[in-house]
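Dear colleague,

I am handing over the structure we spoke about, with the sequence alongside, and below it you will find my notes. Please read them with the structure open.

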Amino acid sequence: MIDFDLYDYYKNNKDNNIILSFKGAVSQEILVEIGSMIRNKFTMQRDIKKIFSVFVELSQNIMHYSAEREYSQKENTNVGVGIILFSELQDYFYISSGNLIERKLVDRIEGKIEKINSMNQEELKEYYQEQRRLPQEDGSKGAGLGFIDIARKSGNKVNYDMTKIDDDHSFFVLKVKFKKGE
Amino acid sequence: MNNLIIEKSKTKPYVNFDLESGILEVGGESYPENAIEFYKTLQDWLNENLIANKDKEFEFSFKMVYFNTSSSKAILDILDILEKHHKNGGKIKLNWYYEEDDEDIQESGEEFVEGLTLPHKILSY
């Protein structure tokens, strides 16, 4: 840790136009705090509700599905560890999330996202309604609708990336783009 | 009276189920850590009290400001309970409110009521 160059880290963030980032256990409490920061920061954005909504889905994906877990005493449950960042360029905002997943899930997740990315808005709407009708997966806290909702709210393709970390894990990155509005 | 009243919090909506007046209301923001668990309390209340008061007129109003995808699924499950009550001859009406110009909440209401046979309205405020 003593060798860690914090200025280098700061500069790297700055050079990549990162305006806000969090790495750690994404608890409900953290989600609420970052969420209200975003709402304050982007009050002028027409799409603030959509931006907020995508942020919630990305964060709760990490919370519920990250393969790296940390015990939260306050919430008396294991919460997922990951990274969330916001970057701002001239015409676009990006919200990105990253977390470990089990490698055996990679194909399934890629398949889901590819399917969603092949759909237009009308097809996404129908697919959302169809998936919402399916029974809850056992023990899951999510509805399995997050990726579809993200694609609908952002109006753009869902960019993703998988990097093999070891035999059992990959690092899963999602990147969602928003066009800046008035 | 067996009412269900829950105060709103940062990530949970308020709930006001008043058995005597038959006015049932849920509103606010909804993105709890575990939406299924939160809404189960509401679903259990409805399953128990609608059937037990078959001749009573109920009016259910959603006044949502924001909800995440897992809440969305739980809301659909509530609508299923209301629809079933209607089909069994119960007296129930549904109102879906959206803040003026909030197209997302308006559209989600329109999607929710697709296929419902119970009397329903989508209203702005």
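In which helix of chain B does Asn47(B) lie? Asn47(B) belongs to helix H1 of chain B, which covers residues 35–52. Please keep in mind throughout that this is a predicted model. With a relative accessible area of 38%, Asn47(B) is partly exposed, and its C-alpha atom is separated by 16 Å from that of Glu20(B), a residue 27 places apart from Asn47(B) along the chain.

Chain A

Chain A contains six helices and six strands, and when it is read along the sequence these follow the pattern α-β-α-α-β-β-β-α-α-α-β-β. The radius of gyration of chain A is 17 Å, close to the 16 Å that the globule rule gives for 182 residues, so this chain is as compact as a globular protein of that length. Along its principal axes, the C-alpha trace of chain A spans about 50 × 45 × 30 Å. Of the 182 residues in chain A, 44% are buried. If one takes the contacts in chain A between residues at least 6 apart in sequence, 65% of them join residues at least 24 apart.

Where the two chains meet

On the side of chain B, 23 residues are in contact with 32 residues of chain A. The two chains bury about 2,300 Å² between them, and 45% of that area is on carbon and sulfur atoms. Within chain B, the residues that lose the most area to chain A are Glu33(B), Thr69(B) and Lys73(B), which together account for 30% of what that side buries.

Between chain B and chain A the count is six salt bridges, and one of them joins the side chains of Arg133(A) and Asp80(B), at 3.0 Å from N to O. There are also 17 residue pairs in polar contact between chain B and chain A, counting pairs in which both residues are at pLDDT 80 or more. The elements that give two or more residues to the side of chain B that touches chain A are strand S4 (57–67), helix H2 (69–87) and helix H3 (103–113) of chain B, and the largest share, six residues, comes from H2(B). Sorted by class, that side of chain B has eight nonpolar, six polar and nine charged residues.

Just after H3(B), Gly115(B) takes a positive phi of about 85 degrees.

The other place is Glu25(B), which lies in strand S3 of chain B, residues 23–30. Is Glu25(B) buried or exposed? Its relative accessibility is 19%, and because the cut-off for buried is under 20%, Glu25(B) counts as buried. The side chain of Glu25(B) makes a polar contact with the side chain of Tyr14(B), at 2.8 Å.

With best regards

Technical notes: Residues are numbered from 1 along each chain as its sequence is written. Chains are lettered from A and ligands numbered from 1 in the order in which they are written. This is a predicted model: local features need pLDDT of at least 70, side-chain atom pairs count only at pLDDT 80 or more; totals for chains, interfaces and linings use all residues. Side-chain values use heavy atoms; hydrogens and water are left out. Contact means heavy atoms within 4.5 Å. Buried area is the accessible area (1.4 Å probe) that two parts lose on being put together, summed over both. A salt bridge is a side-chain nitrogen of Lys or Arg within 4 Å of a carboxyl oxygen of Asp or Glu. A polar contact is a pair of N or O atoms within 3.5 Å; within protein, one must be able to donate a hydrogen and the other to accept it, and residues adjacent in sequence count only if both atoms are side-chain atoms. Helices (H or I, at least four residues) and strands (E, at least two) are DSSP runs, numbered from the N terminus. Ala, Val, Leu, Ile, Met, Phe, Trp, Tyr, Cys and Pro count as nonpolar, Asp, Glu, Lys and Arg as charged, and the others, Gly among them, as polar. The radius of gyration is taken over C-alpha atoms; the globule rule is 2.2 Å times the number of residues to the power 0.38. Buried means under 20% relative accessible area, exposed over 50%, partly exposed in between (1.4 Å probe, protein chains only).
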